[in-house]
Amino acid sequence: MNPGGLAMQFRGLARASQAVHPIAGLPRLAPVRHSLNTTFLPRVSAFSTTAPAYCANSQSPPTASETNNKSSLDSTDKYVAGLRHNKNWAAQTAREHPDLFPTLANGQQPQILWIGCSDSRCAETSMLGLLPGDVFVHRNIANILHPGDLSSGAVIEFAVKHLKVKHVVVCGHTSCGGVAAAMGSKQLGILDPWLLPLRQVRERNLAILESLPVDQAAEKLVELNVRESLNIVTQKSVVLEAIQERGLQVHGLIYDVASGVLRELDTTDSDEVIKKRLVAFKLEE
Ligand SMILES: [Zn+2]
């Protein structure tokens with residue numbers, strides 16, 4: 001929509017609002033339903049779960065169940081199908097694993113911290129065939145770890161220091177939209193600063209990437225990105241301590257979305273880097 005059209009639409013909305021709003025000083029032809037003027041609303045606690053009286057009329061907004069009934073007309077709606085499936089899934093899981101939900105109600109002891117892409121095709125617990133409580137997760141676009149990122153940093157520290165996971169996994173995947181975007185030079189708004197570390201990896205490895213066909217170059221950048229994130233993870237003192245004190249393992253994986261198969265990266269080089277860091281870490285004490 002062009003800016004002029006948007007401005008006209010906005011003015012139209014403003015006029016419509018003035019025609020009925022009680023504080024606009026204009027004659028009001030009919031009671032205003034759902035007005036934001038709190039004078040006309042019944043007193044309801046801010047956190048009340050009881051529907052206010054004005055909802056009990058034929059013109060009230062649809063209830064959640066009414067909305068669901070309407071949505072359920074569309075059998076392809078994944079949200080509706082998922083909610084319906086949830087009860088069956090919960091019952092079946094409880095039958096197959098009677099202790100699972102009662103145990104999880106008391107806490108979690110995941111063995112794996114998974115750092116992956118937000119991509120809908122990369123559902124870690126499903127692809128590993130594991131259960132709720134098995135995998136602690138941080139996912140973002142293109143599984144990028146910014147060294148100073150509070151979100152990923154908090155997840156890693158909590159998982160390693162408090163949950164004491166045994167494995168930290170960084171998983172990239174084929175056909176990654178974030179990697180494809182980083183291969184190009186288009187301006188992408190908020191994604192530009194997010195993808196910057198990935199573009200820096202690309203720049204550092206330009207000779208290798210330019211020697212490959214485009215599709216192979218993208219796959220290579222997926223791998224390089226995983227290795228870069230592993231490097232960031234193993235720069236964290238909490239991770240180095242856990243490697244030294246209790247044998248925490250760090251892994252790099254690539255998930256092939258076309259086959260569903262995970263491939264483990266050879267991380268011998270990064271193992272050597274970690275050993276050197278551990279020595280340096282000790283010397284600093
Ligand atoms: Zn991705």
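In this predicted model, V239 touches I156, V160, V233, T234, L248 and V250, when residues up to four places away in sequence are not counted. V239 belongs to the largest nonpolar core, which has 41 residues. Together with L113, V160 and V168, V239 is among the residues that touch the most other members of this core. The greatest contribution to the core comes from helix α10, residues 214–233, which supplies eight residues. A separate core of nine residues lies apart from the largest one and includes I112, V135, V169 and L253.

Helix α10 consists of 20 residues. The distance from its first C-alpha to its last is 29 Å, close to the 28 Å expected at 1.5 Å a residue. The buried residues of α10 are A217, L221, V222, E223, L224, N225, V226, S229, L230, I232 and V233. Of these, V233 is also one of the contacts of V239.

Helix α10 also takes part in the lining of the largest pocket, as does α12, residues 268–283; these are the elements that give two or more residues to that lining. The volume of the pocket is about 160 Å³. Its lining is made up of R227, L230, N231, T267, D269, S270 and V273. L230, one of the lining residues, is buried within α10.

Conventions. Residues numbered from 1 in each chain as written. Predicted model: local features only at pLDDT ≥ 70, side-chain atom pairs only at ≥ 80, totals over all residues. Heavy atoms only, no water. Core = buried A, V, L, I, M, F, W, Y, C linked by side-chain atoms within 4.5 Å. Buried < 20%, exposed > 50% of the residue type's maximum accessible area, 1.4 Å probe, protein only. Helix = DSSP H or I, 4+ residues; strand = E, 2+ residues; numbered from the N terminus. Contact = heavy atoms within 4.5 Å. Expected span 1.5 Å × (residues − 1). 1 Å grid on protein atoms, 1.4 Å probe; cavity = no way out; pocket = protein on both sides within 12 Å on 5 of 7 lines; lining within 4 Å. Points joined across faces, edges and corners; volume = space filled by probe spheres on them.
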